[in-house]
Each structure stands twice: as C-alpha cells, then as structure tokens.
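Open the model in your viewer and colour it by chain. This tour moves step by step along the boundary between two chains.

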Amino acid sequence: MKFLLVFICLFISVSCTEEKKPKSRPSTLKVKKFGGEFTLQGSQGDWSLSSTSGKLRVMYFGFTTCPDICPLALTKLNNVLKKLSPEKRAKIQPVFISVDYKRDTPAKVQEYVDFFGKGYVGLTGNKESIEKVVSQYGAYFEFVELKDSALKYTVDHTSRYYLIDQKGNFHKSYTEISKEPNFIVDVETLLKK
Amino acid sequence: MKKLLIMILLFPMLASSSGTMTESHITFESQWIKAVPASSKMSAMFGKLTNNTGKDLKLIEVKGTIAKNIEIHTHKKVNGVMKMRKVSSLIIPSKGSLEFKPMHEHIMFIGLKNKLDKSKKYEFTFVFDGGVELKTSATVKKMGGHSHHH
Ligand SMILES: [Cu+2]
C-alpha cells in the first residue's frame, strides 16, 4: 500500500514536470507557417510572387465591387507609400488580389488598382488558386448570397495588409497601417536589409 | 477649407412640401458619391442624415436615376471579417442623425447607368415611412479626402 502511494506520487511529479517542459520551451511547438510562392492571373497573363523578388511586397485581398473597405484600404496604402522617398517607393510592390473570381477578371482588377495608385499589380485567378493563396496567407473570404439585393451576392472578407520581404518570406500582417506606426517602421527596417 | 465652404453653400437641403415637414427638419449634409474606375458599375453615397423632427424617422427607400438599383446597406465587422448586407430600412432617431460613411452604412448604387461625371449634380429622394420625402443632391468625389473614419 505504502509502495503504491509512493509510486503514485512519483508518477504525478514526473507527469507534472513533463507538462511544464513545453511551456518553458515554446520554440519547440509547431506553428503553421504562413506565406509562400503563388501564381495567379494578371492583366499580362500569369503572375508569380517570385517575379518581383528583390522588392518588398504589400499584399491585400479584396474585390472590385467592394463599396468602401477595399477602396479605403488602397487609399490608405497609397497615402502611406506616398510619404516614402521615390527610391524607397520603387523598392515596394503593392499587390491587390481579388478573391471574387466569379465577377472580376484580371483586366478589371488591374484597371481598379490603377485608379488608386501607380505601379500596383491587380490579380485574380480561378477558384482553386484563389482558395489556395488565401489559406496560404491565413486570410478568409466567403461568397454570401444576398437574396433581396440586386448585387445577388457579396464577398465577406478579412481586411489585412500582408508584408512580404525581398526573398518572398511572409513577414507580418496588419489591419491598420495609417494610424499605427508599426507598418511603416517594419517597411523601413526591411528596406535596409 | 475654401472647398468645404463652397460645398456647404452648394447644398441647401430641401425637404419635400408634400408632408407637414419643413425644410430644416430633415437634412442630408456633407454628402458625396464615391468616384470609381470607368468600367465600374457600382458606387456608393455617403453623408450625414439628420432628423430634427419630434418623431423617429424610418428611411425605407432612396430614389434616383444614377443607377438601376439603389439600396441601403450596412457593414459589420465580425471577428475581423467585413460583412456587407442590405437592409430594408434604417431608423433615424428624433433629434438625432445617422452618418453614412465608409465601413458603415451607405447608399449603394448597383448598375450605374453612365460613367460617373464629376461635374454633375446627381439628384436623389429619400423616402421615409409615412410619406415624408427629402429631396437632395450630391456630387462625385474621390475617396481619401475624407478620413474621419475610425
Ligand atoms: Cu454596399
């Protein structure tokens, strides 16, 4: 009996220390890595992320019939980028990806981004490629039927900016870039590399 | 600043004479229509709708010739996801106002009849439950000058 009790105590203490181990070493925990190479359709045909290697990429997922969130997001991005020197600005490639592959065409997306700023790339793709890149970057979108609306459907989506470094590694995503300095600080830091 | 002053002077809000309301009772101010790329068939209107009457007002329709369809929409952010939805009506409380602004309520134009003209004044009629109407107009502006959102 006594022996059993000792054994139980020993067992508990062992299991406790074992439980604590991962906490003190969080680096051993596996975290899903976001980002990566992708190929979508641009107005000139296939467009791959790697085609702009060497530049800092700022990526945004939206759709062209979006009434306010996407235009606002692109306007904000443009305002932030405008503050950079032309040399620094030339090292940044803004990329807008339309998740509305049903309604948007590459040409339409390109026309849409040209309306907001110079040197933007507008992309879209088919269902598979859009779903793939969205999950790669941990974004989200969903087609939602609007029965009573002439729109017929809308696209619920996350509104985030994805910063990708010169080598194509996903750096970080941001919901706000104009009021919070983090984004531009990170951009400046990465540009020095 | 000069531009703002001109805008204010340009928009005398006229309430319909059909009801018992007088022109100062309901106003739609600082209104603007979002400029869109030439091929875009959709846009939206923003502005501040104020109800100075003693009763709550229910906005049920916005009429105009700018687009095939004009709808009242709202936007909600749920767990970081932006969701736009059509609503059948909006209440503007008595002595209160409702601001149509990007990422919130907006008047949505679906199926623009022509390319938006920056020099044109587009006419609209806001229809409220009970037959009250507000005639108003708005011009096209590029988004960005307005950064009063949160
Ligand atoms: Cu809308």
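This is a predicted model: local features need pLDDT of at least 70, side-chain atom pairs count only at pLDDT 80 or more; totals for chains, interfaces and linings use all residues.

**The whole interface.** Select the residues of each chain that touch the other chain. On chain A there are 27 such residues, in contact with 32 residues of chain B. The size of an interface is often given as the accessible area lost when the parts come together. Here the area buried between chain A and chain B is about 2,500 Å². Carbon and sulfur atoms give 64% of that area.

**Three residues of chain A.** Next, select Pro67(A), Leu72(A) and Phe115(A). Together these three supply 24% of the area that chain A buries against chain B, more than any other three residues.

**Polar pairs.** Now show the polar links across the interface. Twelve residue pairs are in polar contact between chain A and chain B, with both residues at pLDDT 80 or more.

**The elements of chain A.** Which elements give two or more residues to the side of chain A that touches chain B? They are α2 (69-82), α4 (106-114) and β7 (153-158) of chain A. Colour that side by class: 13 residues are nonpolar, seven are polar and seven are charged.

**Salt bridges.** The interface of chain A and chain B has two salt bridges. To see one of them, select Asp156(A) and Lys83(B), whose side chains meet at 3.2 Å, N to O.

**Paired strands.** Finally, select β7(A) and strand β6 (residues 81-87) of chain B. The two strands run antiparallel and are joined by two bridges. Zoom in on Thr158(A): its bridge partner in β6(B) is Val81(B).

Definitions and conventions
Residues are numbered from 1 along each chain as its sequence is written. Chains are lettered from A and ligands numbered from 1 in the order in which they are written. Side-chain values use heavy atoms; hydrogens and water are left out. Contact means heavy atoms within 4.5 Å. Buried area is the accessible area (1.4 Å probe) that two parts lose on being put together, summed over both. A salt bridge is a side-chain nitrogen of Lys or Arg within 4 Å of a carboxyl oxygen of Asp or Glu. A polar contact is a pair of N or O atoms within 3.5 Å; within protein, one must be able to donate a hydrogen and the other to accept it, and residues adjacent in sequence count only if both atoms are side-chain atoms. Helices (H or I, at least four residues) and strands (E, at least two) are DSSP runs, numbered from the N terminus. Ala, Val, Leu, Ile, Met, Phe, Trp, Tyr, Cys and Pro count as nonpolar, Asp, Glu, Lys and Arg as charged, and the others, Gly among them, as polar. Two strands pair if DSSP finds at least two bridges between them.
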